[in-house]
Amino acid sequence: MENRRNQVVASDGVRAMMESALTARDRVGVQDFVLLENYTSEAAFIENLRKRFKENLIYTYIGSVLVSVNPYKDLEIYTKNHMERYRGVNFYEVSPHIYAVADNSYRSMRTERKDQCILISGESGAGKTEASKKILQYYAVTCPASEQVQTIKDRLLQSNPVLEAFGNAKTLRNDNSSRFGKYMDIQFDFKYPSLTHSCSSSSPPPPWYLLRRQGAPMGGHIINYLLEKSRVVHQNHGERNFHIFYQLIEGGEEDLLRRLGLERNPQQYQYLVKGNCPKVSSINDRSDWKVVRKALSVIGFNEDDVEELLNIIASVLHVGNVQYGAEDGNACITSDTQIKYLSRLLGVNGTVLTEALTHKKIIAKGEELMSPLNLEQASSARDALAKAVYGRTFTWLVNKINASLAYADDSYKNYSVIGLLDIYGFEVFQHNSFEQFCINYCNEKLQQLFIELTLKSEQEEYEAEGITWEPVQYFNNKIICDLVEEKFKGIVSILDEECLRPGDASDITFLEKLENTVGGHPHFVTHKLADAKTRKLMGREEFRLLHYAGEVNYNVNGFLDKNNDLLFRNLKEVMCMSENKILNQCFNREELSDKKRPDTAATQFKASLAKLMEILMSKEPSYVRCIKPNDSKQAVRFDEVLIRHQVKYLGLMENLRVRRAGFAYRRRYEVFLQRYKSLCPDTWPTWQGKQADGVATLVKHLGYKPEEYKLGRSKIFIRFPKTLFSTEEALETRKHSIATKLQAGWRGYSQRSKYQKLRTAAISIQAWWRGILARRRAKRRRQAADTIRRFIKGFIYRHKDRCPENEYFLDYVRFSFLMKLHRNLPKNVLDKSWPTPPAALTEASEHLRKLSMQNMVWSYCKKISPEWKHQLEQKMIASEIFKDKKDNYPQSVPKLFVSTRLNGEDLNPKVLQALGTEKMKYAVPVTKYDRKGYKARPRQLLLTSSSAVIVEETKLKQRIDYGDLKGISVSSLSDGLFVLHVPSDDNKQKGDVVLQSDHVIETLTKIAICSDKIHSININQGSIKFTLAQGKEGIIDFTPGSELLVAKAKNGHLSVTAPRLNSR
């Protein structure tokens, strides 16, 4: 089933085989370094890396080894779709990827039932931790899952942020550098357990039973190596302590910090200020704190566990703030503030702790003596306590995580395992100390294992295929490993001996003993033993080891102290008495009764390394070599010097040389034949015989020489890359001719098929269309005959009530009228035309005419401006008052009313001053006729908001309030005379006012609007009576004539003769 699935996947065109990229090798390089023509050239190796890095191709193979270059940016190659692309696919069918390594290990474990391990190594900042995360994420997504399995998956993933918080720190090279080595076993289960205890033979197996066979992760286990405890008390400039301290201070709640006695300022703590780098732009401590708290909950920490753990973390910071003073040369603690915090957080007696931090216990002849410490000794004891507490707590944390990852079902314990080794790479700094010595010793052992297993796997493959194995010459670094670890003679043994011997042992005496013991070793040099040229490059306190990856100088200062890693007995006693449950587990009381001196740090590391080698030797290894392209963490920078340094220290050239010692390329017969069968007429298009015979026929046709290839039992082995490249180039050339033939054949076939289909379709369509046209013509004729028949019958019955005989005709007449009306609607409000409707639509026509008029009026009104609207409103009022009543009204219609006939300069300033704040709405020159003799006097009529004012030059002659205005009289002729009637009993008034205006229609309209006396204007024919002073009455007689004439008549009346302009 698995093989069939692989074949389907390989043939679907999505997963192109690795060879398909060979034609683009000039641009993107080769995907496997074994295909480099000049494989011994380091420059060619690095140039291939550069090409791929430039194209964002960060992964390259050396055989089965994956080389990964940190891109320092996010690449869209880790999605779920990418995971599915690599799932269950042959290792070389897809482009290099971390998922390919993960899937290959998983499938090998599943098919061969052999434990696997993936070894990830590289410098700090090269991406080791990220690589291990990607592998874990791949298994979490692609492996089967149930509720129990999902819990294990979550815990496996969530263990990362917890271990990173407590074991990672910001260094000069990496903002998230792992300061410990980590080996993680992921336990999978593929085998059927016994069902006798859980179900009967007749019942179906439960889901968990099937999941086990499907390869679900069922548990895990973590081993940690060489935590950098010295970082707790000291950091180099630009570096930080472990992340958890800053996360707690930045992200902890106020109540939590108050309980722990902490301030939200890292600068307050001595253990956090050494590196002078409390904040890093790429690290969000507050956000990371939330992630860690959630992860602790997922892993299974309860609130008590978390509280005890944070108490310890806070206590380390308080230990660093313990300050010493001197009394008589002995150390004393200057302030008990920190002691009080430590006493509460650790659950110890403050007095006993104070004594333990300033004294050491000495047992002489069975008696215990307390010896005071000087300042330097006390500071060292304080730092040793902090390192011991943090280091043991970290070990407890790893054990706690292991307990949560342990497989809960004890009834079945046969697992298959994939191990992940995320460990420090070879380190060479300007100053190298004890830590670099241990790390590089570890890398020597891993390199030795790597070469042995690589050669072993090569030899096994050759033997399995029946190919003669040719011995490979390589550098065996066993001589260097023996120099470090050999019993009694190795550097570790000499270091332990110097630490244990009585007397005044020091780092310098250790160096001298090294010179005396291993001074003649070819891979060991000191300043004393070196030649003159080498001495210039070495200090007197240094020794040099010639590692497989290069020369490294180690400074012996601190070697003895770091190797001893001792904690004074009385400090151990205090910690053993702690009420903190975690510290109770970290500091065992049996240590106090054990008289045996504990193993040194180097011995412990050597033993743990030996166990690690046993673990790795028992598993089938895969390798990931991580490289960082530059020290500045820039996404596009490729530092050739730095990369050459890493290529050397990772032993990649040696690995490539070993891999290329035999055959550079090997593929299964079916894969090779499927790809290149078109190059031979006998194998194209299909080969009917055995696959091996087909490949033999193919290579014979291609002209392979016997020394260029070997045929195994199931694979072809090609010795030289140039042979493969020439074959690939021949395939590219062949593709064009094949493509041309295929295109020609396909085009001919497709065109013939297309023509036949078109011809058949055309005949069918023609027949169908002719039938449609004939049916349509017959249908139209029937419809036409029916229509004519109905129309004639309707015309005959047109004068009768609506009935079936005339309804069609009536509907047609109505429709015709409506369409005619639609085409001939009036265009404006003055257009009174309207089509004559049929009798049945008379009422509807009238409604439509009104609606049309209303619509045109509404549209017209909507378009007019406010000024024009005001003009029309005045004209409407004038029409209401004078239309068909006043002879000169028609002449006034086309003339626009103005806002005033007198401007400001036409009025005397004194008049304006007399008006005060009253706003003038209208002013017009008028002629006033005296009450005595009817003499004509020029005046000005001003209209305000409350009254009409008659002005003579500078004087306000008369003011008539609108409320006192009884009415207005005017004749029906074309003259401009009008009378303003006022109350006769008003002493302020001298009688009615007789005025004449050249704009009488406009003037009277304005007066009517301002005084709201629209209905008080009387239009008289013949004469107008008005009141003079003292109750007397005057009369104005109006007669039509040829011209306008105003004069006093002999009868004492005012006679007005006015021409008639319009006949009524």
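1. Helix 32 buries Phe809, Leu810, Phe817 and Leu821; buried means under 20% relative accessible area, exposed over 50%, partly exposed in between (1.4 Å probe, protein chains only). Down the axis of helix 32, these buried residues fall within an arc of 110 degrees, so they line one face of the helix. The arc is that of the directions from the helix axis to the C-beta atoms. His822 and Arg823 are exposed, on the face turned away from the buried side of helix 32.

2. This is a predicted model: local features need pLDDT of at least 70, and side-chain atom pairs count only at pLDDT 80 or more, while totals for chains, interfaces and linings use all residues. Residues are numbered from 1 along each chain as its sequence is written, and side-chain values use heavy atoms, with hydrogens and water left out.

3. The length of helix 32 (residues 807-823) checks out: at 1.5 Å a residue, its 17 residues should span 24 Å, and its end C-alpha atoms are 24 Å apart. The expected span is 1.5 Å times one less than the number of residues. Helices (H or I, at least four residues) and strands (E, at least two) are DSSP runs, numbered from the N terminus.

4. Strand 2 (residues 65-69) is mostly covered, with 5 of its 5 residues buried. Val65, Val67 and Val69 point one way; Leu66 and Ser68 point the other way.

5. Strand 2 has two partners to inspect. Strand 1 (residues 59-62) pairs with strand 2 in the antiparallel sense over 4 bridges; pairing requires at least two DSSP bridges. Tyr59 stands opposite Ser68. Their hairpin has 2 residues between the strands, and Gly63 takes a positive phi near 65 degrees there. Strand 16 (residues 620-627) runs parallel to strand 2, joined by 5 bridges. In strand 16, Ile627 is the bridge partner of Val69.

6. On confidence, the chain averages a pLDDT (the predictor's confidence in each residue, from 0 to 100) of 84, and 91% of the residues score at least 70. Residues 1-20 stay under 50, with 38 contacts beyond four places in sequence; contact means heavy atoms within 4.5 Å. Residues 207-213 are also below 50, with 25 contacts beyond near neighbours in sequence.
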